[in-house]
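Visitor: I would like a close look at a single part of this structure, followed by what surrounds it. Please take me through it step by step.

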Amino acid sequence: MANDDEAVLSAVGPRLRALRKTRGTTLTQLAETTGISVSTLSRLESGERKPNLELLLPLARAYQVPLDDLVGAPAVGDPRVRLKPIRHAGATIVPLTQHPGGPQAFKMVIPVTRRDPDPRTHTGYEWLYVLSGKLRLVLAEHDVVLKAGEAAEFDTKLPHWFGSTGEAPVEVLSLFGPQGERMHVRARPKGE
């Protein structure tokens with residue numbers, strides 16, 4: 001890592017010289033713009049002086065470039081998570097977690113046509129939160145309708161099914177623990 005840092009720092013001087021030449025600026029003009037002496041700028045470009053923030057910030061302002069461009073910082077990867085929807089039983093399911101195993105999060109859009117209960121069982125524990133619409137949940141002997149803002153949690157070993165009431169599509173957030181992991185809900189911070 002230290003060698004990588006040294007390589008980045010040693011490349012700053014030549015990068016500064018090339019940028020100054022490309023802009024057609026003299027050391028004297030740059031010194032007047034930045035307030036950095038001609039000798040310091042010359043030593044910085046030749047690599048005799050190590051770059052620091054006090055020198056690089058005025059140079060970045062003078063050249064009107066990001067500081068990263070002056071030091072040759074590596075490009076940062078795209079931070080966006082690209083969600084890939086899955087179609088299953090007429091519903092659109094968007095995985096919100098990117099790691100295998102452990103509790104998984106999903107956003108589901110359940111179509112109005114998914115309204116005939118077909119209860120199933122499997123290992124796990126599920127927590128549902130209705131974002132919009134009305135969700136019909138059949139859980140063992142219970143048959144309930146959840147509205148936007150309501151939640152339910154249950155062991156998936158119980159016969160269960162959820163879908164639309166037939167009035168409109170439903171948007172749901174689902175947290176699912178495939179090994180029966182339960183979600184921990186804390187109503188208020190400790191100490192209150």
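**A helix, a loop and a sheet**

Guide: In helix 3, which spans residues 38-46, the residues Thr40, Leu41, Leu44 and Glu45 are buried. Seen down the axis of helix 3, these buried residues fall within an arc of 130°, so they line one face of the helix. The general rule behind such a pattern is that an α-helix has 3.6 residues a turn, so residues three or four places apart point the same way. Keep in mind that the model is a predicted one. Just after helix 3 comes Gly47, with a positive phi of about 90°.

Glu45 is among the contacts of Arg20, when neighbours of Arg20 within four places in sequence are left aside. Arg20 itself belongs to helix 1, residues 2-23. The relative accessibility of Arg20 is 8%, and because buried means under 20%, Arg20 counts as buried.

As a general point, strands of a sheet pair through backbone hydrogen bonds, either parallel or antiparallel. Strand 5, residues 134-139, pairs with strand 8 in the antiparallel sense over 5 bridges. Within strand 8, Phe162 stands opposite Leu137.

Arg114 lies over the face of Phe162, at 5.6 Å from the ring centre. Pro117 is 45 residues from Phe162 in sequence, yet their C-alpha atoms are 7.2 Å apart in space. Pro117 is found in the loop between strand 3 (104-110) and strand 4 (125-132). Not counting residues up to four places away in sequence, Pro117 touches Arg136, Val138 and Trp161. With 38% relative accessibility, Pro117 counts as partly exposed.

Last, consider the rings. The structure holds 1 aromatic pair. The partners are Trp127 and Tyr129, whose ring centres are 6.2 Å apart and whose planes are at 10°, so the pair is stacked. Tyr129 counts as partly exposed, at 29% relative accessibility.

Conventions: Residues numbered from 1 in each chain as written. Predicted model: local features only at pLDDT ≥ 70, side-chain atom pairs only at ≥ 80, totals over all residues. Heavy atoms only, no water. Phe/Tyr/Trp six-rings, centres within 6.5 Å; stacked < 30°, edge-to-face > 60°. Buried < 20%, exposed > 50% of the residue type's maximum accessible area, 1.4 Å probe, protein only. Lys NZ or Arg CZ within 6 Å of the ring centre and 35° of its normal. Helix = DSSP H or I, 4+ residues; strand = E, 2+ residues; numbered from the N terminus. Contact = heavy atoms within 4.5 Å. Arc of directions from axis to C-beta. Pairing = 2+ DSSP bridges.
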